[in-house]
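User: I am new to this structure and would like to learn how to read its features one at a time. Could you take me through some of them, giving the general idea before the particular case?

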Amino acid sequence: MRYAQGGGLTDAEREARERVRLDAVARFEAGDRNKAIAATLRVSERSVERWRRQWREGGAAGVASKGSPGRPKLSGAQVARLERELERGPLAHSWADQRWTLARVKKLIGRLFRISYTVEGTWRLLKRHGWSWQQPARRAIERDDDAVEPVEEGGLAAGKSTAAACNGWIVFEDEAGQSLTPPRARTWGRIGQTPVVRVRGRGSGRVSMVGMTCYKAGERSRLIYAVREYRGRKNQPKGFGSRDFRDLLVRTRIQLGGPIVLVWDNVRIHLTADLREFFVANTDWLTVFQLPAYAPDLNPQEGVWSLVKHDLGNLAAADLGQITRTVKRKLKMLQYRPRLLDGCLTGTGLALDA
C-alpha cells in the first residue's frame, strides 16, 4: 500500500471513507434519522450531523471529502540543513548523550524551521532521505581524525608499496583477552521479562590471545595466532611479552616464507627497547608501521576477535579450560575460512589493491 502524502492514510482507506460519506448522502435523501445512519455506518452521530449540515448547504458535493489538509513540508534546502545538523550529533544541540531519537529530531525541526512534525511524520521523513535506526560504533574522543583520514582514503599506500617492493606480506597484529565472564549476546525471551544467563561468579583467570592476519595479493589470506592461560599462579605470566612477540614474528615469517610488513598499534608493549632492537636487527625481512592512536577500526584483526567473541556469547563455562578450547576451536576454523579474513579487511575500509 502507498501512504497518502502527509495524511498517513492508504489509498484503500481513503476510498472506504469516501464510500461511507456517499452512503450517508443517500440516506439523507431517503429521510433516515441521524441515529439510524450512525448505527448502520458505524460512525458517531456527531459526524452524521456534520455531514447532514454540509449536505443541506452544498448538496452531495459539500459532503465529499476535501482530502487531507496535509502537513508542512521541508524544502530540499531545509532537508539538507537538517541532515548537516544531524551529522553534528546530539551533543552539539545540548543533549547530554549521543542518541538521535524521533522525539529529538522532531524537536530539532521545530527549533530550526518553526515547523511542527509528528513523530510518525519524522520517521517517514528520515526514511525517505536514507536514514535508519542503527546500532552505533564506538570511537574514542581522543582519536585524531586528521591522522586517520589519510590511512582511510589512501588505503595501505606506504605498507603496500613496501610489501610489493620486497614481495612480502602485510601482517596486522593485535591482542585480546577473555575471562570466565562471557560477553552478553542477544537471545529470545518473553516480552517484559529480561532473560537471565547463569554464569560462574567464582574462579579467576584469563585467556590471552595474540593474532596476526596476513594478506598478500594473489595469495590466500592467513591467520596465525597464539593462546595462553593465566590462572593466577606464582611467577606465571599474565599475558604476552616482548619475547613472545619476537618468537611469533619469527614463526610467522617461516610459515609465510617471505618478508613481512607489520602493522600494529602503539601500545606500550610494542614500544619496548628490546623490540626496537629486534626490528633494527631484522630490517632485511621485517618493516614496521604503526596505526594512528585510538583507531582499532583500521585493524582487521579486531574483526577476527569479534568473530571469536561471538562464539563466547552467553557461554556458561565450567572452567577456564572450556574458554580456551572454545577460543582455539574458533581460531582454527577461521584459518580455513580465508573469505572471512578478507571480509575483516574489507570492514576496515582499507584495501590492498589500488
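**Reading helices, strands and loops**

Analyst: This is a predicted model. Two packed helices are described by the angle between their axes and the distance between the axes. Here helix 5 (residues 102-113) and helix 6 (residues 119-128) pack at an angle of about 90°, and their axes are 9 Å apart. Because angles of 65 to 115 degrees count as roughly perpendicular, helix 5 is roughly perpendicular to helix 6.

User: Which residues of helix 5 and helix 6 make the contact?

Analyst: From helix 5 the contact takes Leu-102, Val-105, Lys-106 and Ile-109, while helix 6 brings Val-119, Thr-122, Trp-123, Leu-125 and Leu-126. Sorted by class, the contact of helix 5 with helix 6 has seven nonpolar residues, one polar and one charged.

User: Turning to strands, with which strands does strand 1 pair, and in what sense?

Analyst: In a regular strand the side chains alternate between the two faces of the sheet. In this model, strand 1 pairs with strand 4 (residues 260-264) in the parallel sense over four bridges, and with strand 2 (residues 206-215) in the antiparallel sense over nine bridges.

User: How many of the residues of strand 1 are buried?

Analyst: Strand 1, which spans residues 169-178, is mostly covered, with nine of its 10 residues buried.

User: Is His-93 buried or exposed, and where is His-93 found?

Analyst: His-93 is found in the loop between helix 4 (76-88) and helix 5. Its relative accessible area is 10%, and since buried means under 20%, His-93 counts as buried.

User: What is His-93 in contact with, leaving aside its neighbours within four places in sequence?

Analyst: With those neighbours set aside, His-93 is in contact with Glu-85, Arg-88, Trp-100, Leu-108 and Arg-111. With Glu-85 there is also a polar contact, in which the side chains of His-93 and Glu-85 are joined at 3.1 Å.

User: Where is the place of Gly-258, and how many residues apart in sequence are Gly-258 and Gly-168?

Analyst: Gly-258 sits in the loop between helix 9 (242-256) and strand 4, and is buried, with a relative accessible area of 12%. Separation along the chain and separation in space can be read side by side here: Gly-258 and Gly-168 are 90 residues apart in sequence, yet 5.5 Å apart in space, taken from C-alpha to C-alpha.

Conventions
Residues numbered from 1 in each chain as written. Predicted model: local features only at pLDDT ≥ 70, side-chain atom pairs only at ≥ 80, totals over all residues. Heavy atoms only, no water. Buried < 20%, exposed > 50% of the residue type's maximum accessible area, 1.4 Å probe, protein only. Helix = DSSP H or I, 4+ residues; strand = E, 2+ residues; numbered from the N terminus. Pairing = 2+ DSSP bridges. Axes fitted to C-alpha atoms, helices over the stretch in contact; angles between N-to-C directions. Parallel < 35°, antiparallel > 145°, perpendicular 65-115°, else oblique. Contact = heavy atoms within 4.5 Å. Nonpolar A, V, L, I, M, F, W, Y, C, P; charged D, E, K, R; others polar. Polar contact = N/O pair within 3.5 Å; in protein donor to acceptor, adjacent residues only side chain to side chain.
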